[in-house]
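Subject: Structure for you, with notes on helix packing

Hello,

Here is the structure I said I would pass on.

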Amino acid sequence: MILHHQRFLAIRKILNQYDPVGIIYGDINSDEYDIEVRAILELITDQENHESLAQKLHQVLIRYFDENIAGDYSIYKRIAIDILKLNN
C-alpha cells in the first residue's frame, strides 16, 4: 500500500492522463483535478472493484462539473482499473 500523499499524486497523474473533462493542458495546470482527487480518496475502500470505483469516480466528476461535462462512463472504468493497479 502506498502512502496517502503518494496515492494522491498517483491518482492525480491518472486523472490528468485520461483528462475526462478536457481541462489539462500539459504540465501548466497539473493540479486541476486536485479537489476531485481528494473526494475520490475519501470514497475508495480497500475492498473496491473496478465497477464500483468507476461509478464513484463518475459521480465525483458529475458533482464537480455536471453530467454532460463529466462525459462517457466508459472512460471511468479504465481510470478505475488503473487506480486499482496502484494497490498491487
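Predicted model: local features only at pLDDT ≥ 70, side-chain atom pairs only at ≥ 80, totals over all residues.

Residues are numbered from 1 along each chain as its sequence is written, and side-chain values use heavy atoms, with hydrogens and water left out.

Some terms before the findings. Helices (H or I, at least four residues) and strands (E, at least two) are DSSP runs numbered from the N terminus. Axes are lines fitted to C-alpha atoms, for helices over the stretch in contact, and angles run from 0 to 180 degrees between N-to-C directions. Contact means heavy atoms within 4.5 Å.

Helix α3 with helix α5

Helix α3 covers residues 50–64 and helix α5 covers residues 73–85; they pack at an angle of about 120°, with their axes 8 Å apart. The two are therefore oblique to each other (under 35 degrees counts as roughly parallel, over 145 as roughly antiparallel, 65 to 115 as roughly perpendicular and the rest as oblique). The crossing of α3 and α5 is right-handed, a term used when the near helix is turned clockwise from the far one by less than a right angle, with anticlockwise being left-handed. On the α3 side the contact is made by His50, Glu51, Leu53, Ala54, Gln55, Leu57, His58 and Leu61, and on the α5 side by Tyr73, Tyr76, Lys77, Ile79, Ala80, Ile81, Ile83 and Leu84. By class, this contact of α3 with α5 has 11 nonpolar, three polar and two charged residues (Ala, Val, Leu, Ile, Met, Phe, Trp, Tyr, Cys and Pro count as nonpolar, Asp, Glu, Lys and Arg as charged, and the others, Gly among them, as polar).

His50 lies in α3. At a relative accessible area of 35%, His50 is partly exposed (buried means under 20%, exposed over 50%, and partly exposed in between, with a 1.4 Å probe and protein chains only). Leaving aside neighbours within four places in sequence, His50 is in contact with Ala80, Ile81 and Leu84.

Helix α1 with helix α5

For α1 and α5 the packing angle is about 150°, and their axes are 10 Å apart. That makes α1 roughly antiparallel to α5. Their crossing is right-handed. Ile11, Ile14, Leu15 and Tyr18 of α1 make the contact with Ile75, Arg78, Ile79, Asp82 and Ile83 of α5. Sorted by class, the contact of α1 with α5 has seven nonpolar, no polar and two charged residues.

Ile14, found in helix α1, is buried, with a relative accessible area of 7%. Not counting residues up to four places away in sequence, Ile14 touches Ile79, Asp82, Ile83 and Leu86.

Helix α1 with helix α2

α1 and α2 pack at about 125°, with their axes 10 Å apart. They are therefore oblique to each other, and their crossing is right-handed. The residues in contact are His4, Arg7, Phe8, Ile11, Arg12 and Leu15 of α1 and Asp34, Val37, Arg38, Ile40 and Leu41 of α2. The class count for α1 with α2 is six nonpolar, one polar and four charged residues.

Two residues of the loop

Asp19 is placed in the loop between α1 and α2. Asp19 has a positive phi of about 40° although it is not a glycine, and at 17% relative accessibility Asp19 counts as buried. Ser30 lies in the loop between α1 and α2 and is partly exposed, at 27% relative accessibility. Ser30 touches Arg12 and Asn16, not counting residues up to four places away in sequence.

The core

The largest nonpolar core has 26 residues, of which Tyr33, Leu57, Tyr76, Ile79 and Ile83 touch the most other members (a nonpolar core is a set of buried Ala, Val, Leu, Ile, Met, Phe, Trp, Tyr and Cys residues joined through side-chain atoms within 4.5 Å). Two or more residues each come from α1 (4–18), α2 (34–43), α3 and α5. Beyond its neighbours within four places in sequence, Ile83 is in contact with Ile11, Ile14, Ile44, Leu53 and Leu57. In soluble globular proteins, nonpolar side chains tend to be buried together.

Regards
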